[in-house]
Each structure stands twice: as structure tokens, then as C-alpha cells.
Amino acid sequence: MDDKYSILKKYFGYSGFREGQEVLIDSILSGWDVLGIMPTGAGKSICYQVPALLMSGITLVVSPLISLMKDQVQALNQAGIHAAYINSSLSESQISKALRLAAAGQYKIIYVAPERLETYEFLQFARFAEISMLTVDEAHCISQWGQDFRPSYLKIVQFIRSLDVRPVVSAFTATATERVKEDIVCVLGLLDPCVLVTGFDRKNLYFAVETIRKKDGYVMQYVQEHRQESGIIYCATRKNVDTVCEKLLAQGILATKYHAGLSAQERRQNQEDFIYDLCPVMVATNAFGMGIDKSNVRYVIHYNMPQSLENYYQEAGRAGRDGERAECILLYNAQDVAVNRYLIECKEPNPDSTWEEIEQIRERDMQRLRVMNYYCITPDCLREYILRYFGERRSGRCENCLNCAREYETIDVTPAAEKIIACIRECRQRYGINVVAGILAGETRAKLREYGVFDYVSYGSLKELGESAIKTVIQQMLMEGLLTVTNDKYALLKIPAAADEILQGRRQVIWKKAKAQPQSAENKRTSSSSKMRKSDILNSKGLELFERLRALRTEIAKEEGMPPYIIFSDKTLVDMCVKAPLDKSEMMQVTGVGENKYDRYGERFLAAIVEYTGGVREKYYFGETPELAGVPAPGQSNKPAPAAKGKKTDFYLTKEQAAAFPYTEQYLVAELAEKLNELRDADTTKKISGAEIFRRMQALEYAGEAFQDGIRKKYVTDKGMAAGLLIGMRISKKGTEYEDIYYKEDAQRMVVEMVTDAAVDSGC
């Protein structure tokens, strides 16, 4: 009889669950309601698809978008799981047929639009069907405090109440603040649910905010530099979408577009061209992307600032769903704030809301806009800013965002802050940031003359600082709560009680100003450039095999009319290159290869691997991979193959040799390599280099390198520090001080364990 582990392997090709998945699956199978808040790419769908196959009846999955349903159902059918969707893209006769087949037990999982839940035909079907579970995907849509409230989601509650037997209710989302989380539980009526938040961090994503005027030039250059990669460019308006797409096409870039001004047929065709990699670049408004499961999106560029951090993180999260490195870049201009403020003021309210609720929602939207604006101007770690907003406390630098790659100087601007407060008081708190900054800078524009501010004592009192810098100091004070703004379109500056601390000399205002850096592609996105993709572990032969498998995947995708990533993900193809399977049993050990996928495609991929390798397994990757550290590839033992006469094997230590390693308080990597090489059998084994050890630390995401001021510097991640790596100072022979990585005893033991071959001494 199948259990959750055999289901996972049989249909999805995975040998183990990710963080949080098993807890939620066990809770569902025990009859508990659940709420799972998991980042994009963490495997939320597995949490309800696995128990759906183990429960006796049907699982209904309420989903907001047609594209999401089609993607999920396509992937399930490819995996050998019978599933269907019911939405407005089907004719009434097609819907009737799907419901008849479902009632006859044809489908275990049915995706349904919330609007369909209240139709007579669906209610009749539900009345007589055995519904074991109702799953709410994108559950934040049910909360009016969420960033994407959909009144249609309230129909879910009415539908559950209409059922004679209440099923298990499970809900999932990637982004939810504490208030939204509470709202989901309350509005859905979850009964004593298991609530699991696995965290919001997407470690593979690199974040950057670029404050630039000529956005078109930046976008054109970036896309040209990434011609071989797939990406999304979000714009706030249809006009910007059309303009950017036209300019990309003029440069020979295969780009397409998506916005509400296109016909339904155009939107559908353009979306498919993007999903199938016929046009790898999509330029779109925020109407595009929700539910798109395209795994190989390598970058998301926001041409304009979104209205909230929730929207931004959800849209940026469409990059790197395969777990590989991806970049999320926001192009910021202060004008974006004014445009978004106007859009919020003009937004149509929910007709069912009271006047008080409408006002509360508008104030909430204005507050979210301020949070989004502060994200764009903060000098602090961008990842930490995002996680802190969602209630996840972190400390330190992530070393994978633009702010962590920059160097800053600190300037005490307390005297300027005092003059800013004095100016706002003199103005009787009647103006916003532009007017106040203009007064302090001594500007002479017509509006200031109209307001009669030239006679103010504060007029021109910060002329030496300049209007732009004055605005930066005001924004700093707003972020620290030393100033506030009104929740209306005028955003008038107000002085809170906290400002007294400055005037009484009890508080300083410190401005972290970024040091000027050379504007070059190499200096931009520096931390991202040091991160490794899984394909980076492949050597030249491995990359050649990878490209052959990718070509085969594209060929099959065209034959089947399927997106390539549904056949096999890039991650699965890389694992094929690493393990180089030569028969079915070995292929079934590859991540992402389930029984149905093997039956459909496995033989063709095996044939391609056998043809390339000639049936002789070689090493197609550098060092040991994180997934395979200490684990033999299929058909191999851990013991190195006997060396031909005069030919040495790759570096390894026996258990006896490893036991003699001289541990000490700390080693530099070159010293560590030297001590390891002293223990090896010099006649049969190659040396290990410090560079090889460092590459392994990079592959494990313990350390990396980044450019700072044109100099490549090494750094240690939080994971690396926990493993015993640390940054320390060294002095060169010329007397120059510089940073380097030291390996403490814990790290030394980890490296020794990596290179020790236990199989040699066990007689395997």
C-alpha cells in the first residue's frame, strides 16, 4: 500500500521532503486543518497533492487564475496523476463532462475558480461527491488586509458551509503579514489549525535597487548582457510596457508583452510564447505572472516601484523558482511614489465595504507605499528589510544584495535635522517634503513664491546641503519615526513627540551615504556574480552533456506541446549529468524522475547519456557536490578507482591518515591544504589545493567572493560562520593589511571529513 514516501518518489521523483512539508502532510492526513506560509519554490503544492492521493475522496483546489490551474494540471498529468480544472476557459459542455468524470472517480484533484463554487451544477456535483479536502491556494486573497484581496474568495466560506460533511481545509500562501495570517484563519473558519511558517527567505535571489533616471538604457544593456536567459520586466502602465517591448524588439531581443489592453487571444498567445521559451523576455503589468510556474526565470526587473512590499516580493519571487541563482532589480525614481499615491487615491473601493473600512484600507495602502519607498532608499541590507517586514528577524548582512556589496560613510546630520524640524514648525506643518526641502535649499520656483516662504527664517538655512540631500535626510528621519506624514495624497510633514529627543540633544541622526563607485557592469550586482548555480558545478564535459540534454528536452517539449520545464527541470538535468545514469535503476535515483516521467521520457534521456558517455562513467563535475558529498554515484563505490600505472587519483585520505591530522585553533586555507597534502600517499594521490577547498565552500554557500571598490574580496556567510569559518586580517610581505578566511577547528574537521574515504578501510 502506498505511503507518503512512495507517493513522493513514484509521482514526483523526490526521495525526501523539504522543510515543513512533512509536518503539514501529516496534519492533513490526521484530519487537521492547516495553514502553510512558505516562500515561492518551497514546494507548497506537494503539501496538498501528496495527501490528496492518499485520501479516499476528491481534493478540490481553489485557485485564482486560469494560467495557474492549467500549469498545475498539466504537471500532474505528466506525473501520472489524473487531474482536471474547471474555469471560464471551458465551455459548459466541457465543464459538465469534467464533473461527470470526477463523479465517476476519474480525477483525484480538481482545480476550480472561486466563482464556479456557487454555480448550480457544481453545487449538485459537490452534494453527492466525496470531498476529502478543500485546498485554498494563494490564501492571502481572502483577506481584505492582503495585497491582492479578491471578494470572490469569500464564496469559499459559503461553499464549505453548504456541504453536508465538512472536509479538511488546507490553505497556502507565500506572503502574509501577521494580520493577514490571522485574517486567513478567521475568515476561512479554520478549526484549530496547524499553522506553519517556514520563513520567507529566498536565498538564491539577489536584490538590488538602482536609483537612475534613464531606465530604458539600463534595461536595454541588462537584457543584452543576459540574452541567453529568461526574464520578466514589470511596468506600472500599459504605455511603458508597449514602449519597453518595442525597444527590445528593435535591438533584436525576442520579447513579448502582456497587459489588459491586449485581447484575450493576444494575452494567451504571448504568455505561451514566454512559457515555451519562444520569447524568453516578458514585458508586463502586474496583471501577469500570478500562478506562472516557469522555473527558469533568471531575472525580474521592476521598471517602476510597486505599491507595496507584498506585491514586490510576490512579483520578484517569480525569479529562480528552480532554486538557482536569480536577480531581482528595482529601478527607482521618486516620481514613482507620486504616481502610486495617485493610483491609490483613484482606486475603486469594494462596494460591499463601509465608509470606515474604505478609509482604513486607503490608509493601509498609503502606509504600505511608504514602506515600499523606504525599501528603495534604505542603506541597510535589502533582504533583512524584507524579512523584517514579514516578521522574520535576522541580523547582519546577507552578502547577496546590492547594499551589502556597497561601502558607506557615516555622516552626523543632527544639525540639519534640527533645522528641518524648525522649518516644519515655521510652516505650521502645512507642507510636504518637496516644499520643505525647497524652502531649506533656498529654491526660487514659482510655487514657493506663491506660498510666500522667502521671508521665513528657515529659508535657505541648508543651502549648502542641496535639495536632494535635504530630502534624503528627511526620508531618514521618516524611517526612524522622527517625522511623520499624513495619510492623504498631500502627505504633509508632521512633527511627532520623538523629535524632541533631537532638540534636547538626546538623539543623533546619522546618514549612511554610499561611497561613489565606478559605474561598470562588473561593479553592479557584485554579490550575485559570486553565487553559484547548480550547473556551475559541472566541468566542461558536464556542461556539454547538459546542453545535449537541454536540446533533447526542447525537442520533446515541441512534440508534446508542453513547456520544457514540465518535462524535466534544469535541476533534474544537472543531477543527470552528475550521476550519469546508465540504466533504469540508476536513472530512478535522479532528483525529479518519478515512475511516470521515466516511462514517458526516461529511455530517451538514458540513450542520450549512454551515447555521450559511450557507456563509460566519467566525472562530469568539480569536487563533491552538496547533494552527493560522501555518497557514491550510481554503480560506483566511494573507493577511488585504481590508478593506471603512473597516473594518480584525485585527492583523498584514508581513515588512518585522517586520524593523524594536526588540528589547531585556526588555519588559513593554504595552510590547511598543506597539512592535508602531508598526510596523503604522494605516490598514488594528487594534491589538493587551497582553491579547491574554497570552491567547495562556495558550492556549500559557506563563503564567496565579491568586488568592492574594484577589488575582489572574500566573505563568509551565516552558514559558513556556523560551520567554523571566519574573516580575519592578514598583513602581506609588503606590509599591506587585507582580509582572508580562517578555518577554525570545526571547519577543519568538516573539510577532513569531506576528503576522507571511509570505504577504503571498510573493505568495500
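**Helix packing, burial and rings**

Author: In α23, the residues G542, L545, F546, L549, R550 and R553 meet D570, L573, V574, M576 and C577 of α25. Contact means heavy atoms within 4.5 Å; helices (H or I, at least four residues) and strands (E, at least two) are DSSP runs, numbered from the N terminus. This is a predicted model, in which local features need pLDDT of at least 70 and side-chain atom pairs count only at pLDDT 80 or more, while totals for chains, interfaces and linings use all residues. Residues are numbered from 1 along each chain as its sequence is written, and side-chain values use heavy atoms, with hydrogens and water left out.

Reader: Which class of packing angle do α23 and α25 have?

Author: Helix α23 (residues 540–560) and helix α25 (residues 570–579) pack at an angle of about 135 degrees, with axes 9 Å apart. Angles under 35 degrees count as roughly parallel, over 145 as roughly antiparallel, 65 to 115 as roughly perpendicular and the rest as oblique. The angle therefore makes α23 and α25 oblique.

Reader: Is Y621 buried or exposed?

Author: Y621 lies in the loop between α27 (595–613) and α28 (655–659). Leaving aside neighbours within four places in sequence, Y621 is in contact with I537, L538, N539 and V578. Buried means under 20% relative accessible area, exposed over 50%, partly exposed in between (1.4 Å probe, protein chains only). Y621 has 16% relative accessibility and so counts as buried.

Reader: What is the relative accessibility of S63?

Author: S63 is found in the loop between β2 (58–62) and α4 (66–78). Beyond its neighbours within four places in sequence, S63 is in contact with L68, M69, Y111, V112, A113, P114 and Y153. S63 counts as buried because its relative accessibility is 0%.

Reader: What kind of aromatic pair do Y612 and Y620 form?

Author: Rings of Phe, Tyr and Trp (its six-membered ring) pair if their centres lie within 6.5 Å; planes under 30 degrees apart count as stacked, over 60 as edge-to-face and the rest as tilted. The whole structure holds 21 aromatic pairs. For Y612 and Y620 the centres are 6.1 Å apart and the planes are at 50 degrees, which makes the pair tilted.

Reader: Which ring does the charged end of K714 sit over?

Author: A charge sits over a ring if NZ of Lys or CZ of Arg is within 6 Å of the ring centre and within 35 degrees of the ring normal. K714 has its charged end 4.8 Å from the ring centre of F694.

Key
Axes fitted to C-alpha atoms, helices over the stretch in contact; angles between N-to-C directions.
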